[in-house]
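The sequence and the structure are shown first, and the description follows.

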Amino acid sequence: MNKILDKKYPYLSNFFKTAIEQKRLFHSIILYGNNNYIQYAMAMEIARQLNCLEDGREDCSCQNCRWIRENKHPAVMTISKIDNKTDSSKTVISEEQINLVLDTLVNSSDYHRVFILCDAEYKTLSQAEVQDYNEFILTGFILPKEKDENKYWIPKGINTGCFSTVAANAMLKSIEEPSDKVTFIFLTNNKDDILQTIVSRSQAFYVADSKNSVYNVAFFEKYFEQYPKFDKDCALDFAQTLYSYQIENNLEPTFIIDCIQYYLTQLLKANINNSLLVRKIYNDIEKTEKSKKMLNAYIKEQTVYENLAFYFSK
Ligand SMILES: [Zn+2]
């Protein structure tokens with residue numbers, strides 16, 4: 001995959017690569033968190049992997065890879081209040097805009113179509129944004145439009161203000177009954193800013209700010225000697241260790257789960273030819289996603305860790 005994303009987001013990078021290879025990627029994906037530039041790069045990389053005519057390697061120069069890097073691929077479209085507009089509304093992604101997008105799906109295509117839905121604006125960059133912008137450039141992609149008199153296109157998270165319920169509802173049917181070669185990717189700061197009916201039909205991934213994503217697996221690795229099935233004592237001890245490590249290091253509980261997910265994707269990579277184990281690891285990764293949902297629903301972290309440990313012992 002992409003070296004920068006690989007290094008900074010190894011869990012997500014591995015996950016998407018494997019899911020694409022195994023054709024298990026959802027048709028609707030939500031990337032959430034505060035760094036919209038990195039979300040945009042990740043969405044472009046997913047689009048590239050889905051469309052590469054060769055093996056998806058980073059330096060591939062097939063036509064699809066080149067067009068996507070240059071942000072001019074006809075099947076990879078950014079949909080925002082200022083991109084791919086067909087009507088005069090300036091503050092929202094309109095229902096008309098969505099309907100026109102969906103109309104194009106009636107025709108079959110050799111390409112895997114990817115729609116990146118976000119908010120965006122042209123502006124001069126603040127100090128912090130310059131840093132994010134530079135980080136984005138290093139990923140090898142370019143943004144929808146080149147700078148224009150010192151104003152840059154900057155990606156922002158979509159929310160109900162710029163993506164009306166009417167427009168979102170117009171999309172629902174396509175998400176519910178997706179055709180094979182279509183993927184919708186929503187970029188947002190907060191999942192709560194997207195219509196719940198879309199969230200529930202999508203796979204959602206938290207994209208941490210890169211400074212936080214140096215994963216540590218050493219503190220729980222020994223328990224995985226018993227993988228794929230922990231015995232009861234091991235499971236109890238595992239849950240306790242996760243909690244102690246979180247408290248001692250003053251970490252977010254979702255970060256602890258991220259570390260486990262990262263570990264599981266490493267396992268996935270190492271065992272890619274063992275289809276039985278691969279299926280098991282996939283289920284476990286899904287289970288960790290559920291753990292995150294529990295955390296987001298304010299369930300106590302001890303309970304979430306115990307629940308996960310118990311699952312590993314079944
Ligand atoms: Zn390629």
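## Two domains

The C-alpha centres of domain 1 and domain 2 are 29 Å apart. Domain 1 covers 3-212 and domain 2 covers 221-312, with bounds from an automatic or database domain assignment. Their contact takes 8 residues from each of domain 1 and domain 2, where contact requires C-beta atoms, placed from the backbone, within 7 Å. On the side of domain 1 that touches domain 2, helix α2 (residues 10-21) gives the most, with 5 residues.

## Basis of the model

This is a predicted model, in which local features need pLDDT of at least 70 and side-chain atom pairs count only at pLDDT 80 or more, while totals for chains, interfaces and linings use all residues. Residues are numbered from 1 along each chain as its sequence is written.

## The sheet

Five strands form an open sheet in the order β2-β3-β6-β1-β7, with parallel pairing. Because β2 (76-79) and β7 (203-206) stand at the edges with a single partner strand each, one side of each has no neighbour in the sheet. Strands are DSSP runs (E, at least two residues), as are helices (H or I, at least four), numbered from the N terminus; two strands pair if DSSP finds at least two bridges between them.

Strand β3 (residues 113-117) pairs with strand β6 (residues 182-188) in the parallel sense over 5 bridges. Arg113 stands opposite Val182 in β6.

How values were computed: Two residues are in contact if their C-beta atoms, placed from the backbone, lie within 7 Å.
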